[in-house]
Amino acid sequence: LESGQEIEVDTKNLTLITPQMFANVLVTAGIRDVKVYAIAPREVSGTAALTGVYKSMESLTGKPLSVEAKQIAARELVDTSTLGEKVGKERATLLVERSKERVLQEENLTNEEVARIINRTAREQNIKLSKEESRQLTELLLKIKTLNLDINELQSQLRSFRSQGQETEDEPARDSGSWLNRLLGFIQSLIEQIFSYVGKILRFS
């Protein structure tokens, strides 16, 4: 694709990976403006597809990707897909994506501040994270922040996914009290904010 376009992803038979999840980690890895086809002949988890995309990208461009960025992106894919088994793939992807954007927008964040951002974002989606899940995501986002990703570029590359509706069929059913829970979570997140300031084939066309 021409420079300035967004990432496009098509997947088939990947049970744990969605196109949006894959696009997010490609941006983390430093890949831009591509169409990616991650297709398996039978159902597989899909986490190994990222290695094939790395190799294809480097072969096509003749330029190596950052080893650190590739490792962090692979960790992001594993953590997101693992969380997706619990809360739903789309919800897990949205949680990591929104948390990542919020962390990238801030400077000099401590571990505790990153954890608060993650937990606030989770509450807004009515997702309850365990302490271990929160710790793992905090560690992941701190690593992503060291890559100095451009927030505007990230949002631009994911433009086609951001325009899609966020409600999906794989979201767990919500009970009648969930709306109130989300409202209370949102109010609590505002209070926290106040106190915190005191795939293997690529085709280019």
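This is a predicted model: local features need pLDDT of at least 70, side-chain atom pairs count only at pLDDT 80 or more; totals for chains, interfaces and linings use all residues.

Biologist: Fine. How many helices and strands does the chain have?

Modeller: There are 9 helices and 3 strands. Going along the sequence, the order is β-α-β-α-α-α-α-α-α-α-α-β.

Biologist: And what share of the residues is buried?

Modeller: 46% of the 205 residues count as buried. As for the surface, the chain exposes about 11000 Å², and carbon and sulfur atoms supply 51% of that.

Biologist: Which ones are buried in H1?

Modeller: Gln 20, Met 21, Phe 22, Ala 23, Asn 24, Val 25, Leu 26, Val 27, Thr 28 and Ala 29.

Biologist: What happens just after H1?

Modeller: Gly 30 sits there, with a positive phi of about 95 degrees.

Biologist: OK, now packing. How do H1 and H2 cross?

Modeller: H2 covers residues 49-61, and its axis comes within 12 Å of the H1 axis, with a crossing of roughly 45 degrees. So H1 is oblique to H2, and the crossing is right-handed.

Biologist: Which residues meet there?

Modeller: From H1 you have Phe 22, Val 25, Leu 26 and Ala 29. On the H2 side they meet Ala 49, Leu 50, Val 53 and Tyr 54. That contact divides into 8 nonpolar residues, with no polar and no charged ones. The H1 residues in it, Phe 22, Val 25, Leu 26 and Ala 29, are also on the buried list.

Biologist: Switching to H3 and H4. What's the geometry there?

Modeller: H3 spans residues 67-87 and H4 spans residues 89-105; they pack at about 135 degrees, with their axes 7 Å apart.

Biologist: Which hand does the crossing of H3 and H4 have?

Modeller: Right-handed.

Biologist: And who touches whom between H3 and H4?

Modeller: H3 brings Glu 76, Thr 80, Leu 83, Gly 84 and Val 87. H4 answers with Lys 89, Arg 91, Ala 92, Thr 93, Leu 95, Val 96 and Lys 100.

Biologist: How does that set divide by residue type?

Modeller: The contact of H3 with H4 has 5 nonpolar, 3 polar and 4 charged residues, whereas the contact of H1 with H2 has no polar and no charged ones.

How values were computed. Residues are numbered from 1 along each chain as its sequence is written. Side-chain values use heavy atoms; hydrogens and water are left out. Axes are lines fitted to C-alpha atoms, for helices over the stretch in contact, and angles run from 0 to 180 degrees between N-to-C directions. Helices (H or I, at least four residues) and strands (E, at least two) are DSSP runs, numbered from the N terminus. A crossing is left-handed if the near helix is turned anticlockwise from the far one by less than a right angle, and right-handed if clockwise. Contact means heavy atoms within 4.5 Å. Ala, Val, Leu, Ile, Met, Phe, Trp, Tyr, Cys and Pro count as nonpolar, Asp, Glu, Lys and Arg as charged, and the others, Gly among them, as polar. Buried means under 20% relative accessible area, exposed over 50%, partly exposed in between (1.4 Å probe, protein chains only). Angles under 35 degrees count as roughly parallel, over 145 as roughly antiparallel, 65 to 115 as roughly perpendicular and the rest as oblique. Accessible areas come from the Shrake-Rupley method with a 1.4 Å probe; for residues, only the protein chains shown count as cover.
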